[in-house]
Amino acid sequence: MPSAARYNHRVNLPGLRSLPCLLLTFFSLQLISCSAPQPQSLAITHVTVIDVTGAPAQPDSTVVIADSRITAVGPSSLLHIPGGTRVINASGKFLIPGLADMHVHLTGAGEPMGSREFILPLLIANGVTTVRDMGGSVTLLNQLRQEIASGNRIGPQIFFTGPYLDGDPPYFQPSIIVRNAQDAIAGVQQLKSDGVDFIKVQSRLQPAAYFAIADASRHAGMRYVGHVPDAISARVASQAGQSSIEHLTGVLLACSTREDELRRRQLAAPSPYGSVNQSLERLRIWQQDLLDSHSDEKAAQLFQTFVANHTWQVPTFPLLIHLAFLTPESDLAHDSRMKYVPAGVRKIWDTSRRESLANQGAAEFQMRRELAKRLLSVFKQMHAAGVPVMAGTDTSAPNVFPGFALHEDLYYFVQAGLTPLEALQAATVKPAEFLGRAAEQGTIAPGKRADLVLLNANPLDDIRNTQKIDAVIVNGKLLNRRDLDALLAKVAAFAASH
Ligand SMILES: [Zn+2]
């Protein structure tokens, strides 16, 4: 847990080592069936379509949906609507593709019921129709995927990594410990036969184990994603073939002219290191050195490396700002959305937040603000350099409200300097491309999966308008505002009793 001593020992980003991504099991075992509406033919008329390809918004359009697919898109005045189709007049509203959260942990929140009664409904109520699960139980994730695919449960499409590959001892469970090439080959083979979509690497991997995983993944035809391990440079991870880097791990360090020395200092730091105050001071000096030694030239070279190797970045700003770089003003302890968090989960969140805030003084909070600010500006620069980026939240981590946090992430993208369209792309067409599903999803066009979000205001005017949701269509099923409010009320009731 994040004691000052732990921070003292961290390498890339303070706090990331201590995130309790996996929460305890405490929910009772009960299966609650859900009232998923059946697929239907549907036409959304007189709507402004924002297909996120960069084409101009198309006012007064009609989108026709049948059998979970978009079948036609065109001007309302011209498009023929087949008889028997349910028509939704969406005049004055805006239609965007369903959103993707590319970093969640569905099986972390008090399984077996946590994701079903807490996370999944909040994702859907917020228009999140695709997720990439970045660490969890293959068995539970397969169950969830099956329930959703069979139509017995409303939920997003799930892509997942299963257990982490990590060093010894690993940070989180479930993990497979990898010490050498033999472990790497066995781990990757096992995960491949378990049907995972990606291999997830974690912070404690030693260089030899990490490179063995890169090799084993390549041979198995799998992509690997995750943290840049503490002992590896982000530049080297990109060259080795890591497909996505989470939380910008290792990025600031790889922009430093003193990268090797700063890494050595961190890896060599004894834990615990002296008194709490000594530890905090040591960390602060290290962080100040990190900020002061930033080189725009080295950063530009790093971003070129990312571009050349197609190394995607998923910064997970909600996690960074509301937990890793938590300050009194970024703390969401008293946020009204806490009513959706089951009491058992909230207790874990409280502990984590308290520990992150413990012993921190004005100087530490100021440093966290500076680091968060620097990460936003580096993110903007890497995006401008052409590095592919995606939205993600680390949902199930403390202070990260499932579903809602994705909209916060888009807001931070725009705060960093991206346009609202670029932010939207990072949660729609870009994830589709990353997942190899550009033909299937990510835009609004005939043949695509009918995952859509109907908004009451234009997100291109203000990205916060993605939160003004009138309806969500998930795999062809329409959930209007009343349905979404009912979902939210059900989560609040569950949270109050668990
Ligand atoms: Zn995570």
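Predicted model: local features only at pLDDT ≥ 70, side-chain atom pairs only at ≥ 80, totals over all residues.
Trainee: Which residues coordinate the zinc ion?
Mentor: The distances from the zinc ion to the coordinating atoms are 2.0 to 2.2 Å. Two of the residues donate through NE2 and one through OD. The residues are H103, H105 and D394.

Trainee: What spacing do the donors of the zinc ion follow along the chain?
Mentor: H105 lies in the loop between β6 (99-104) and α2 (114-125), and D394 in the loop between α13 (362-384) and α14 (404-416), so the pair ties together parts that are 289 residues apart in sequence. Written out for the donors, the spacing is H-x1-H-x288-D.

Trainee: What is the order of the strands in the open sheet with parallel pairing?
Mentor: The sheet has 3 strands. Its edge strands are β6 and β8 (157-160), each of which pairs on one side only. From one strand to the next, the twist averages 20°. The order is β6-β7-β8.

Trainee: Which residue in β7 is the bridge partner of L99?
Mentor: Strand β7 covers residues 128-133 and pairs with β6 in the parallel sense. The pairing of β6 and β7 runs over 4 bridges. In β7, the partner of L99 is V128.

Trainee: Which side chain does E147 join in a polar contact of 2.5 Å?
Mentor: E147 lies in helix α3, residues 138-149. With a relative accessibility of 17%, E147 counts as buried. Leaving out residues up to four places away in sequence, E147 touches R116, N152 and R153. The side chain in the polar contact with E147 is that of R153.

Trainee: Which residues does S217 touch, not counting residues up to four places away in sequence?
Mentor: S217 is part of helix α5, which spans residues 207-220. It counts as buried, at 1% relative accessibility. The residues that S217 touches are V188, I199, M222 and Y224.

Trainee: How many residues apart are R258 and D289?
Mentor: R258 is in the loop between α7 (251-254) and α8 (259-268), while D289 is in helix α9 (residues 276-292). Their side chains meet in a salt bridge at 3.7 Å, N to O.

Trainee: Which residues are linked with R258 in a network of salt bridges?
Mentor: R258 is partly exposed, with a relative accessible area of 31%, whereas D289 is buried at 16%. A search of the whole structure finds 26 salt bridges. The network links R258 with E261, R265 and D289.

Trainee: Why are D350 and R353 separated by about one helical turn?
Mentor: D350 and R353 form a salt bridge, with their closest N and O atoms 2.8 Å apart. D350 counts as partly exposed at 27% relative accessibility, and R353 counts as buried at 9%. Both D350 and R353 are in helix α12 (residues 343-357), and they are separated by about one turn because their spacing is 3 residues.

Trainee: How far apart are the closest N and O atoms of R449 and D451?
Mentor: R449 and D451 are both buried. The two residues form a salt bridge. Between R449 and D451, the closest N and O atoms are apart by 2.6 Å.

Trainee: How many of the residues in strand β16 are buried?
Mentor: Strand β16 covers residues 469-474. It pairs with strand β15 (residues 452-455) in the antiparallel sense over 4 bridges, and in β16 the bridge partner of L455 is I469. Strand β16 is mostly covered, and the count of buried residues is 6 of 6.

Trainee: Which residue in the turn of the β16 and β17 hairpin has a positive phi?
Mentor: Strand β17 (residues 477-480) runs antiparallel to β16, and 4 bridges join them. In β17, the bridge partner of I473 is L478. The hairpin has 2 residues between its strands. With a phi of about 50°, the residue in the turn is N475.

Key: Residues numbered from 1 in each chain as written. Heavy atoms only, no water. Donors = N, O, S within 2.8 Å, 3.2 Å for Na, K, Ca; no water. Buried < 20%, exposed > 50% of the residue type's maximum accessible area, 1.4 Å probe, protein only. Polar contact = N/O pair within 3.5 Å; in protein donor to acceptor, adjacent residues only side chain to side chain. Contact = heavy atoms within 4.5 Å. Pairing = 2+ DSSP bridges. Axes fitted to C-alpha atoms, helices over the stretch in contact; angles between N-to-C directions. Salt bridge = Lys/Arg side-chain N within 4 Å of Asp/Glu carboxyl O.
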